[in-house]
Amino acid sequence: MASEKHRELEGRVALVTGAGGAGCGSAISRRLASEGARIIALDNHERRAREVASSIEAEFGVKSVACVADITDRPALDKALAAATDVIGPVDILINNAAINIQGSIFDFSPDDFDRVLATDLSACWYLIRQTIGGMRERRWGSIVNISSIAGYLGGAGREAPYGIAKAGLHDLTRGVALEGGAHNIRCNALALGLVQSRFVQKYIDQFKSQIDRVALRRLATPQEVAEVVLFLVSERSSYITGEIINVSGGYFLGQ
Ligand SMILES: NC(=O)c1ccc[n+]([C@@H]2O[C@H](COP(=O)([O-])OP(=O)(O)OC[C@H]3O[C@@H](n4cnc5c(N)ncnc54)[C@H](O)[C@@H]3O)[C@@H](O)[C@H]2O)c1
């Protein structure tokens, strides 16, 4: 008799933000579900969040719920998250993936746009960690992955300053959470992504062409390649890795 395949996230609940996009969030949700995790698919785009949640249930046979909220709207986020966890259980794994990027010179940014990027890409990540870490501490298990960018090292590469600032902040948030969480068996890591197939990169593909030529692997990452690293970081296979910023960039910095 064929034995059932062991699924390494069986029994865990994963909250993935930005799960409704065509990019990394849905790929991560699907990969974690394929290993048995129950998924809270959070996005501010209601239809896409619901589609991802229902397709996960159908394909992987795990429970999945859509959590429709703007992560910068704290009261609405708290309400939507409470409703989701009532159905699916408390969060063991948090993937802070949702982000926005507004292009512009550091000197010309409108104050509202600057604040909006910081609120989405940094403050909301901290807030979600704050709201979920209590339960992880009680259960003495938690794994958090912050999806960052090599822009966190590059000063926003001259045209996306608040995004770079937020991602640099996310690196320090990652280390701080790892340091405080370690005593409670909570790990926190970040991925510094290079260029990944997405609507945003497709929109500005002409701008990105010269950068892609300088990447050692000379191509964009697929969202599935990103999801694979996330799975490793939330699984017990990486049980002694915490506080790390792991480049998933195809060798972006080689030969620069
Ligand atoms: N695509 C790239 O080349 C690239 C490069 C480096 C880093 N990253 C990082 O990877 C992550 C995913 O990027 P992607 O390009 O796959 O994303 P994407 O644009 O495909 O998806 C982002 C999702 O976040 C959601 N979202 C945005 N603001 C939200 C809010 N306030 N509340 C709730 N949901 C919100 C959007 O609706 C969307 O579904 C981001 O953190 C991004 O910074 C991407």
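Buried here takes 20 or more other C-beta atoms within 10 Å of a residue's own; exposed takes 12 or fewer; partly exposed is in between; and the C-beta atoms are placed from the backbone. Strand and helix names follow DSSP runs, numbered from the N terminus: helices are H or I with at least four residues, strands are E with at least two.

A word on the source. This is a predicted model, where local features need pLDDT of at least 70, side-chain atom pairs count only at pLDDT 80 or more, and totals for chains, interfaces and linings use all residues. Residues are numbered from 1 along each chain as its sequence is written.

Back to β5. Eight of its eight residues are buried, so β5 is largely enclosed by the rest of the structure. What does β5 pair with? On one hand there is β4: four bridges join β4 to β5, residues 142-149, and the two run parallel. Pairing needs at least two bridges found by DSSP between two strands. I93 stands opposite S143 in β5. N96 has N146 in β5 as its bridge partner. Between these two strands the chain goes from β4 through helix α4, residues 111-139, to β5, and this β-α-β crossover is right-handed. Right-handed is judged with the strands pointing away from the viewer: the path from the first strand over the helix to the second then runs clockwise.

Now β4 itself, residues 93-96. I93 and I95 point one way, L94 and N96 point the other way, and all are buried. β4 also pairs with β1, residues 13-17: three bridges, running parallel. L15 has L94 in β4 as its bridge partner.

Next, β6. Eight bridges join β5 to β6, residues 186-193, again parallel. I144 stands opposite C188 in β6. Here the chain crosses from β5 through helix α5, residues 161-181, to β6, and this β-α-β crossover is right-handed too. G142 has I186 in β6 as its bridge partner.

Is β6 enclosed or open? Eight of the eight residues of β6 are buried, so this strand is largely enclosed by the rest of the structure. I186, C188, A190 and A192 point one way; R187, N189, L191 and L193 point the other; all are buried. Note that R187 is in that buried set. β6 goes on to pair with β7 in the parallel sense, over four bridges. There, A190 stands opposite I245 in β7.

Let me return to α4. It has 29 residues and reaches 41 Å from its first C-alpha to its last, close to the 42 Å expected at 1.5 Å a residue. The expected span is 1.5 Å times one less than the number of residues. Where does α4 bend? At A119, by about 40°. That bend is the angle between axes fitted to the seven residues ending there and the seven starting there. The buried residues of α4 include V117, T120, D121, L122, A124 and C125.

On to the loops. R140 is in the loop between α4 and β5. R140 has a positive phi of about 50°, although it is not a glycine. Why does R140 count as exposed? Because it has 10 C-beta neighbours inside 10 Å. R218 lies in the loop between α7, residues 205-214, and α8. Its phi is positive as well, about 55°, and R218 is not a glycine. R218 counts as exposed because it has 10 C-beta neighbours inside 10 Å.

Then there is Y240, in the loop between α8, residues 223-234, and β7, residues 245-248. Y240 has 7 C-beta neighbours inside 10 Å, so it counts as exposed. The C-alpha atoms of Y240 and R187 are separated by 8.5 Å, and the two residues are 53 apart along the chain.

Last, the ligand. Of the 28 residues around the ligand, which come nearest? G18, G21, G23, A99 and S198. A residue is near if its C-beta atom, placed from the backbone, lies within 6 Å of the molecule. By class, the shell has 12 nonpolar, 13 polar and three charged residues. Nonpolar means Ala, Val, Leu, Ile, Met, Phe, Trp, Tyr, Cys and Pro; charged means Asp, Glu, Lys and Arg; the others, Gly among them, are polar. α1 (24-34), β5 and α6 (199-203) each supply at least two residues of the shell. α6 gives the most, with three residues.
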